[in-house]
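Let's take a walk through a protein together, one stop at a time.

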Amino acid sequence: MRAAFYQGSRTFTIGEAPLPAPGPAEALLRVRRVGICGTDLHIFQGHLDHRVPKGGVIGHETFAEVVEAPAASGFGPGDRVVFEPLSFCGACRACLMGASYLCYALKIIGVELPGGMREYCTVPAARLLKVPATLADDEAAMIEPLAVATHDVARAQVRPDDRVLVFGGGPIGALIALVARHRGARVAVVEVNPFRIDLLEAYGLETVGPDIDVLRFTNDWTGGTGVDVAFEVTGNPAAARLVTDVVRVWGTISIVAIHAEPIPMNLYQMFARELVMHGSRLYAREDWEEAIRLAASGAVEVAPLVSTTIRLEELQRGMEQALAGGPVMKVLVDLTT
Ligand SMILES: [Zn+2]
Ligand SMILES: [Zn+2]
C-alpha cells in the first residue's frame, strides 16, 4: 500500500509499506480522507520532532471504511467510520478523573503512533464511531476538527445571547464560531486573511478585519463591558496580549491555540475583572458524538470549509500551500485516488 513518511526538515516522501495487521481488539480500515491541520503544520516545521518518529506516518483527522473488525465490536466491513486518534493508559490520575484524552501517557495516532496518511490503518475498535450515510466523504473528514470545536464551546460554557469573540478564523476558529452561534451566542471572529474573511462572512458571521481596532470594536459591540467569552485560536502573541482586555467581569478566556513559546500577557485584567482562563485541547467521546449530530443535522455546515482536496503524492505541496497562508481553509488528502 502507499503511505506518506515524515522524514524531518520539511520533507515527506511517498513509498510502499506492508499492509498493517490488526491486533485482537483492532479494526483494519481503508482510509478515504485525511485532513491536514495546524498540528500537522507544526510537525512539518519540525516543532514536534521530539514526538514524531523519523519515517513516521502522520494524519489524525481520518475518515475511513471498515475492512474487518472484531465480531463483538458492533462494526463490520463497509461501515463508514471516524475514530478518536487517542491511545491512553486508563489507569493514571487523568484517566481516572475521566480525562483520558489528557492521559499522562497519552499517545496520539498520527503524532507518536502511525496515523492515516496511508491506504490502510489499524485502530482499536473501541475508538471507532459510525458516520451517518447522509454525510459525504469530505464532510466526514471534518468531524475531527468539529469535535475540537464542540469540546471548546462546551468547556467555555457558552450560553444563549452570550457575546463571543474568536481570535483566529482558520478551520478551528470558524467551527468554534459556528458551534457557538448554534448555541444561541452572538459571535464575531478576528481574522486577517481576506479569503477566510469572505468565507466567514458567507456564513453570516461578523468579522473583525485587519483594519479594525479589536479593543474599540469590542467596546462598541458590548457597551464598553467586554465579551462573555473569548477564544484564542491564533497562536499569535499579539492576540494573546490582547485577549484579557476584551473580556467582561467574571468572563471566560479559552486558550485553544498551541503557544509553543512563553509569551507576555496582560494579567492585570485577569485580576481586575476576576477572569477565568482555561486551556482546551482535544476532545472526549461525547464531543465526537455531538460533532456527528451537528454535522449530520446540518446545524453546522462543514462542506464550505473544505478548500482543496489533494492526492497523497501531493502532500508535500499541500503542506507548503497550507503553511503559506494563502487562499485556503481546509486541505484534505484523498486516499482513494
Ligand atoms: Zn487536528
Ligand atoms: Zn492515563
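**Starting at the zinc**

Along the chain, the donors of the zinc ion (ligand 1) follow the spacing C-x22-H-E. Keep in mind as you look around that this is a predicted model. Which atoms hold the zinc ion (ligand 1)? They are SG of C37, NE2 of H60 and OE of E61, and they coordinate the ion at 2.1 to 2.4 Å. Now look at where two of these residues come from: C37 sits in the loop between β3 (26–36) and α1 (38–44), while E61 belongs to strand β4 (residues 61–68), so this pair ties together parts that are 24 residues apart in sequence.

Are C37 and E61 buried or exposed? C37 has a relative accessible area of 13%, and because buried means under 20%, C37 counts as buried. E61 is buried too, with a relative accessible area of 2%.

Next, find D137, which is part of helix α3 (residues 137–140). With a relative accessible area of 15%, D137 is another buried residue. Leaving aside residues up to four places away in sequence, D137 touches R32, R33, F63 and R80. If you pick out A25 as well, you'll see that its C-alpha atom is 26 Å from that of D137, and that 112 residues separate the two along the chain.

How does α4 pack against helix α5 (residues 171–182)? The two helices meet at an angle of about 55 degrees, and their axes are 8 Å apart. What do we call an arrangement like that? An angle from 65 to 115 degrees would count as roughly perpendicular, and one under 35 as roughly parallel; α4 and α5 are therefore oblique to each other. The crossing of α4 past α5 is right-handed.

Zoom in on the side of α4 that faces this partner. P145, L146, V148, A149, T150, D152 and V153 in α4 are in contact with I172, L175, I176, V179 and A180 in α5. Sort the residues of this contact by class and you get 10 nonpolar, one polar and one charged.

Helix α4 has another partner to show you: helix α10 (residues 285–297), which packs with α4 at an angle of about 110 degrees, the axes again being 8 Å apart. That angle makes α4 roughly perpendicular to α10. Here, too, α4 makes a right-handed crossing. On the α4 side, the residues involved are I143, E144, L146, A147, T150 and H151, and they meet D287, W288, E290, A291, I292, L294 and A295 in α10. By class, this contact of α4 with α10 has eight nonpolar, two polar and three charged residues.

Let's follow the chain out of α4 and into the loop between α4 and β10 (163–167), where you'll find Q157. Q157 isn't a glycine, yet its phi is positive, at about 50 degrees. D161 is in the loop between α4 and β10 as well. Phi of D161 is near 75 degrees, which is again a positive value in a residue other than glycine. Is D161 buried or exposed? Its relative accessibility is 55%, and because the cut-off for exposed is over 50%, D161 counts as exposed.

Further along, stop at Y203, in the loop between α6 (194–202) and β12 (206–208). Y203 is buried, with a relative accessible area of 13%. What does Y203 touch, not counting residues up to four places away in sequence? The list is L178, R181, E301, V302, P304 and L305. Take E301 from that list: Y203 and E301 are 98 residues apart in sequence, but their C-alpha atoms are 9.0 Å apart in space.

The last stop is H259, in the loop between β14 (247–255) and α9 (267–272). With a relative accessible area of 25%, H259 is partly exposed. Setting aside residues up to four places away in sequence, H259 touches E232, G235, N236 and A240. The C-alpha atoms of H259 and A240 are separated by 9.3 Å, and the two residues are 19 residues apart along the chain.

Terms used: Residues numbered from 1 in each chain as written. Chains lettered and ligands numbered in written order. Predicted model: local features only at pLDDT ≥ 70, side-chain atom pairs only at ≥ 80, totals over all residues. Heavy atoms only, no water. Axes fitted to C-alpha atoms, helices over the stretch in contact; angles between N-to-C directions. Helix = DSSP H or I, 4+ residues; strand = E, 2+ residues; numbered from the N terminus. Parallel < 35°, antiparallel > 145°, perpendicular 65-115°, else oblique. Left-handed = near helix turned anticlockwise from the far one by under 90°. Contact = heavy atoms within 4.5 Å. Nonpolar A, V, L, I, M, F, W, Y, C, P; charged D, E, K, R; others polar. Donors = N, O, S within 2.8 Å, 3.2 Å for Na, K, Ca; no water. Buried < 20%, exposed > 50% of the residue type's maximum accessible area, 1.4 Å probe, protein only.
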